[in-house]
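Student: I would like to go through the assignments in this model one by one. For each label, I want the value and the cut-off behind it.

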Amino acid sequence: MRFHKLVGSTLAATLLLAGCGSGDAAGGGAGENALPGAAEFLSSPCPEPAAKPAGGGQLVYWSMWTADEPQGKVLQKALKCFQDKTGVKVDVQWLGRKAYTQNLVPALNTGTVPDLFDQDVSKVGAAIMTPGGTQSLDDVYGMKIGEGDKTVKDVLSPTSYDFPQNKDHEGHSFLVPYEIQSSAWWYDKATAGAVAAPKTVDELIGLFDKAKADGKAAVSQDGDIPFYNMYYFTQLAERYVGAGGLAKAAQDPTGRAWTDVPGFREAAAQTARISKYFIDGWDAAKFPQIQQRWADGDARFLYVGTWAPSETREYLDKQGAGTKIDYGSFQFPMPPGATHDTVEQMSIGFAVPKKAKNADAAKAFIAYFLNKGNLAGIPAVADNLVPRPDLAVPDDLKPVKTVMDDQKKEHVLQYDGIDAIAGGKWQTDVFDPADTALLKGQLTPEAFVAQLAQKSAAFWKNQH
């Protein structure tokens, strides 16, 4: 499931896992789109933990998932196993995506915080780490996971955790990943015909023109999701300025980087070409209406994250018409004159608040969850990617994972981390208004970078 999806209400009741079980056996969905390994995983035996916290104790976990989501079902099983194997009493609240802002941030100044929470690394960095609310997890990387002498660090891909945005003010890692995501252009191979991955933006536009000639809208775009609207410019701009280039420009107190670096104006020009092909009503609908229109076949292409197959499968199953999609995907092509062959990646993982009362139990569970007997549930049940290279990759995500594993690619944190700058306020105050106007054709590329320069300079002046 799309980890960013906003959950409208929280489940305030605390669930004690002793009465929880491991969820229903249909975990990965039912009907035509059921995942074959889901039921098998959810009924599999519990792996043995490498270490048990002394004296049992308690673990309080505030989850970014809801209990009925695939990831929630995987975690329920692992938490129940951990409780049964260690004697640690597990206390979990399934709070959804806004838990880190609606629940955790207000709690940071109190004595009531969880021992463990999860989110994507940018959101944790912006909302919790920056004000000093996390503790170092460097020691977790050396902990054994219950597979012989293998440690957390031994089994994780370095690109999933070893990057600047996963370092606190003292240079310590504050997050341990258990899921990784990227993004791609998605299409249905069964209906799109032969689609060759475009090497240039001109070739991408050619695919859009063919879709229109076939009587289809070219691109589905849920315009009420700001970070969905961010994809186009940031993907293209990263190919001009490379890893760190967008973040550097966003933090330029003068704002002049936006107009001084030619790649930004060119990225905006290419973005403006693409947005002309968005489906009618893209900027007036409410998520997930436009994504569902893609799943229904109204548009040929959809640009979102690697959660696209799992999310659209769930929708099609609920429709009950027996419809299936043969998922194909390709990466953003290189825009004219760009020199950085980039691929984006986002890590979702666990963090431990500085005021956690049971940090030892939290760290023990983190290491335990990375045992393949637990982590295998993410691809099997949730149809998503994990940071362990030795675990299964869902078939629909293999093309994306191949790109992510390509050592020749320049790896970039999703959006180059600009969504975390100034606690996320730079994006909402400066970038989003300009980006939306660019996509709607209300700003020219030149006016877009000029507005970013002006508004960014004003933003940083007001921060002092």
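Tutor: We start with a definition: the expected span of a helix is 1.5 Å times one less than its number of residues. Helices (H or I, at least four residues) and strands (E, at least two) are DSSP runs, numbered from the N terminus. This is a predicted model, in which local features need pLDDT of at least 70 and side-chain atom pairs count only at pLDDT 80 or more, while totals for chains, interfaces and linings use all residues. Residues are numbered from 1 along each chain as its sequence is written, and side-chain values use heavy atoms, with hydrogens and water left out.

Student: How do you know that the length of H2 is close to the expected one?

Tutor: H2 has 17 residues, and 24 Å is expected for it at 1.5 Å a residue. From the first C-alpha of H2 to the last, the reach is 24 Å. Helix H11 (residues 262-275) passes the test as well: its 14 residues should span 20 Å, and the end C-alpha atoms are 20 Å apart, which agrees.

Student: What makes H2 largely enclosed by the rest of the structure?

Tutor: The term needed is buried, which means under 20% relative accessible area; exposed is over 50%, and partly exposed lies in between (1.4 Å probe, protein chains only). In H2, 14 of the 17 residues are buried, so the helix is largely enclosed. H11 is mostly covered, with 10 of its 14 residues buried, among them Phe264, Gln270 and Ile274. For strand S5 (residues 176-181) the count is 6 of 6, so S5 is largely enclosed too.

Student: Why are H2 and H14 called oblique to each other?

Tutor: Helix H2 (residues 70-86) and helix H14 (residues 359-369) pack at about 120 degrees, with their axes 11 Å apart. Axes are lines fitted to C-alpha atoms, for helices over the stretch in contact, and angles run from 0 to 180 degrees between N-to-C directions. Angles under 35 degrees count as roughly parallel, over 145 as roughly antiparallel, 65 to 115 as roughly perpendicular and the rest as oblique. H2 and H14 are therefore oblique.

Student: Which residues of H2 and H14 meet?

Tutor: Contact means heavy atoms within 4.5 Å. On the H2 side the residues include Val74, Ala78 and Phe82, and on the H14 side they include Ala361, Phe365 and Phe369.

Student: At what angle do H8 and H11 pack?

Tutor: Helix H8 (residues 226-241) and H11 pack at about 145 degrees, and their axes are 8 Å apart. Residues of H8 that meet H11 include Tyr232, Phe233 and Tyr240.

Student: What makes S7 and S9 edge strands?

Tutor: Two strands pair if DSSP finds at least two bridges between them. The open sheet has 4 strands in the order S7-S8-S6-S9, with mixed pairing. Strand S7 (217-220) and S9 each have a single partner strand, so one side of each is left without a neighbour in the sheet. The twist averages 30 degrees from one strand to the next.

Student: Why is Gln331 called buried?

Tutor: Gln331 sits in the loop between strand S9 (327-330) and S10. Its relative accessibility is 15%, so Gln331 counts as buried. Beyond its neighbours within four places in sequence, Gln331 contacts residues including Trp185 and Val400.

Student: Is Asp416 buried or exposed, and what is the value for Ala422?

Tutor: Asp416 has 2% relative accessibility and therefore counts as buried. Ala422 has 32%, so Ala422 counts as partly exposed. Asp416 is in the loop between strand S11 (410-413) and helix H18 (425-439), and Ala422 is also found in the loop between S11 and H18.

Student: What is the phi of each of these residues?

Tutor: Most residues other than glycine have a negative phi, and most peptide bonds are trans. Asp416 has a positive phi of about 60 degrees, and that of Ala422 is near 55 degrees. The peptide bond from Phe287 to Pro288 is cis, with omega near 5 degrees.
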